[in-house]
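Biologist: Can you put the model up? I'd like to go through the core and the ligand site.

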Amino acid sequence: MASPPKEGPAMAEDSSTASLTLVPSDEHGMDNRDELAIDNEDGGEIDVPLSALASLSSSLYAHVKENGRTYHKYKEGNLQHHLCKIALYERLHLAPLKEENVKHALDIGTGTGIWAIEFAEQFPQTKVIGTDLSPIQPEFVPSNLSFEVDDVDDDWLYTHPFDYIHGRLMVFGFSDPLAVFRKAFNALSPGGYFEMQDLCSPIRSFDNSLDGSAMVRCSNLLIEACQKRGFDLTVPKKYKEMMQSVGFVDVKEVVVEWPIGTWAKSEYHKRIGAWFKKDMEVGAEGIIMGMFTRLLGMSKEEVAVIVEDVKKDMNDRSIHAYEPFYVVYGRKPE
Ligand SMILES: C[S@@+](CC[C@H](N)C(=O)[O-])C[C@H]1O[C@@H](n2cnc3c(N)ncnc32)[C@H](O)[C@@H]1O
């Protein structure tokens, strides 16, 4: 069964969201995690209570529940948000922010806006802007938060500098991440922080259990399809170097392995794995079908076979697949 962390983060079970909360004991509160290891004892499944997601942001749900399509989008976004927070022990950010120093914050590619809403709630004195290509965010949000339709690839025309800029799960939207990082650097006030949180393809394993699997084939095809659209799904491993190259200092990189499924030993990884698998079950099929047919010229039938094989792999505990989640942040020098 899962073993408790050796030392460091003190964790408490929060039964309402079945998640872990952290009492930070070091700079990130992330350094003393359990290592990713295989659960040879088949230590049981983890419940993935999707219904608990509603309690994460009841105000958000209240405003989107009427519209079925939007509701599904929110549910998916909310699931990913929950997953990121489990991985970071309920934190929204790892950059060492002090509320009195964060007058203005920006969330690029805010999606459903759920991160920005919670950030605005946690930092009530901060004026927060969330931007996205699509205006899918709810109308009724904390008074210190506003949403704007904007493309990160366009010129940034904000009327004031920011003290914190955040971007999460943007790898499908970054055609030129280095250019975005440079814009973030220019848009920050001295001493301000920039933070990116992203999954880095391809999926991998510590052993050879992925070799020849449908999962690894699918992951490689997805990388290939995205390349054709100009997106590099493997880029987050370069974020640290990129941030340094545009001038950020004290750049820190924290990598959390997200197992796919519950094959991992620690409670922490098991929980991430259960939610990550659910996320893939809920969202991946549509993306894969669209991208593989449009960009790789595959037939719907061919893709359907891949999807079925991937589903089988995801339920096979002898396949120890994971994807690294990179959290990278740096400071603009004073
Ligand atoms: C996977 S979602 C992540 C949403 C949010 N950051 C989160 O973590 O909950 C990616 C979002 O980036 C947005 N996006 C993609 N390309 C963008 C661009 N060039 N400018 C602004 N937003 C973009 C998409 O519309 C989508 O809402």
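**Core and ligand shell**

Modeller: The largest nonpolar core has 80 residues, and A87 and I165 touch the most other members. Such a core is a set of buried Ala, Val, Leu, Ile, Met, Phe, Trp, Tyr and Cys residues joined through C-beta atoms within 7 Å. Helix α7 (residues 267–296) gives the most to this core, eight residues. Helices (H or I, at least four residues) and strands (E, at least two) are DSSP runs, numbered from the N terminus.

Modeller: This is a predicted model: local features need pLDDT of at least 70, side-chain atom pairs count only at pLDDT 80 or more, and totals for chains, interfaces and linings use all residues. Residues are numbered from 1 along each chain as its sequence is written.

Biologist: What is I165 in contact with, leaving aside neighbours within four places in sequence?

Modeller: L106, I108, A184, A187, L188 and F194. Contact means C-beta atoms, placed from the backbone, within 7 Å.

Biologist: Switching to the ligand, how many residues surround it?

Modeller: 19, with G109, G111, R168, L169 and G173 the closest. α2 (68–87), α3 (114–122) and β4 (127–132) each give two or more residues to that shell, and α2 gives the most, with three.

Note on methods:
Buried ≥ 20, exposed ≤ 12 C-beta atoms within 10 Å, placed from the backbone. Contact = placed C-beta atoms within 7 Å. Near = placed C-beta within 6 Å.
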